[in-house]
Each structure stands twice: as structure tokens, then as C-alpha cells.
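User: I would like to go through the labels attached to this model and hear the grounds for each one.

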Amino acid sequence: WGSLFNNAPNAFGIGNTVVNWVATDQSGNTNSCNQTVTTIDNQNPVAICPNTAPTVTLDNAGNGTLNANALAGGNSTDNCSRIETSPLTNFTCAHIGVQTVVLTATDGSGNAHTTLCSVNVVPPSCASEQTRTWMGSTSTAWNNPCNWSPICVPQTLTPVIVSNAGL
């Protein structure tokens, strides 16, 4: 009987790996050859949103920003490697509520997968005793924080100023 040996690794990385094979017969005669093993990653990663949706609180001017990669929480999976990215996203009063932002997972081979993740956009908190000025028109909702300056819905006993400028 003879023997057969090789220098193959336990796991092959992406790309080409040369494996050297050496065969020896029972008389001690040997022969060797090289084999090139090519490993290709063609499997997409799976983009997975964070367990808890991030919250963006608008400022007193009605603007807020979700920082770039804020959704990249490491939940995405891949058979090799992955990089998660999400864009810098700006929000305004028109976005109060649950919004969606794209999360992209890309692996080292350029395979990609996207998913939509939820982002909570909320108005700023404000002191109840602070005077509010109505900025909306007669057809806009009183309970929309963006119709008030500073941005916040007045609570009971909050001083308000209503001019006829928007009415």
C-alpha cells in the first residue's frame, strides 16, 4: 500500500490556493503534483436591521439627522465577511413618526443585500411653561408640533400666541 499526503489547509480562503500532493508507493517511489483550488464567494450576505429602531429627535428648528451607519449594528450575516452601511439621512417635521432607511450589507467579494429598517422621528421635548406661537393656517392640525414655534404641541395651561398672520 503506499501513502498520499498533501499540504491543503483545513479551510480555503477566497482566491487561489496551490495544494501540493505527494504519493509514495510501497517500494518507496514518490511522485508529486500541484493542484490549484479556486474558492469563489458568490453568496449574498443577509442585511438585518438593529433589534431596536433608532430614534431621531428633531431640534427646535424641526430638523434631525440619522448619522451614517447608525443602522450598522452588526446583526447582518454572511458566509465570509460583511460590512454594513446606511446613509446619513436628514429628517424634518414632515417625517415625524416611523420612517424607513435602507441598510446595505456587502461582503468582501462585493455581494450585497439591502433591507428597510425603521427609524423613529420624534419632536423635541419642551418645557410646558414656554410660550408657543401658532405658525400654521386654519386648515392645519393644532396637534402637529411643527405648526408651533418652538416646535412642540402646547399642553394644558401653556401660554400660546395666535396671530392672524397664518389665519
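Analyst: Keep in mind that this is a predicted model. The protein chain has zero helices and twelve strands, and along the sequence the pattern reads β-β-β-β-β-β-β-β-β-β-β-β.

User: Why is Val-46 called partly exposed?

Analyst: Its relative accessible area is 40%. Buried requires under 20% and exposed requires over 50%, so a value of 40% falls in between and Val-46 is partly exposed.

User: Where does Val-46 lie, and what does Val-46 touch?

Analyst: Val-46 lies in the loop between β3 and β4. Apart from residues up to four places away in sequence, Val-46 touches Ser-76, Thr-77, Ala-105 and His-113.

User: How do you know that the side chains of Asp-41 and Asn-79 make a polar contact?

Analyst: The distance is 3.4 Å. The cut-off for a pair of N or O atoms is within 3.5 Å, so the pair at 3.4 Å counts as a polar contact. Asn-79 is also one of the residues in contact with Asp-41 outside four places in sequence; the others are Ile-14, Asp-78, Cys-80, Asp-107, Ser-109 and Asn-111.

User: Which residues of the largest nonpolar core touch the most other members?

Analyst: Among its 14 residues, these are Leu-66, Leu-71, Phe-91, Val-101 and Val-119. The elements giving two or more residues to this core are β8 (97-106) and β9 (112-122). Leu-71 touches Leu-66, Val-101 and Val-119, and its other partners beyond four places in sequence include Pro-50, Pro-54, Ser-86 and Cys-117.

User: How much of the protein chain is buried, and what is the make-up of its accessible surface?

Analyst: Buried residues make up 23% of the 167 residues. The accessible surface comes to about 10,200 Å², and 51% of that belongs to carbon and sulfur atoms.

Notes:
Residues are numbered from 1 along each chain as its sequence is written. This is a predicted model: local features need pLDDT of at least 70, side-chain atom pairs count only at pLDDT 80 or more; totals for chains, interfaces and linings use all residues. Side-chain values use heavy atoms; hydrogens and water are left out. A polar contact is a pair of N or O atoms within 3.5 Å; within protein, one must be able to donate a hydrogen and the other to accept it, and residues adjacent in sequence count only if both atoms are side-chain atoms. Contact means heavy atoms within 4.5 Å. A nonpolar core is a set of buried Ala, Val, Leu, Ile, Met, Phe, Trp, Tyr and Cys residues joined through side-chain atoms within 4.5 Å. Buried means under 20% relative accessible area, exposed over 50%, partly exposed in between (1.4 Å probe, protein chains only). Helices (H or I, at least four residues) and strands (E, at least two) are DSSP runs, numbered from the N terminus. Accessible areas come from the Shrake-Rupley method with a 1.4 Å probe; for residues, only the protein chains shown count as cover.
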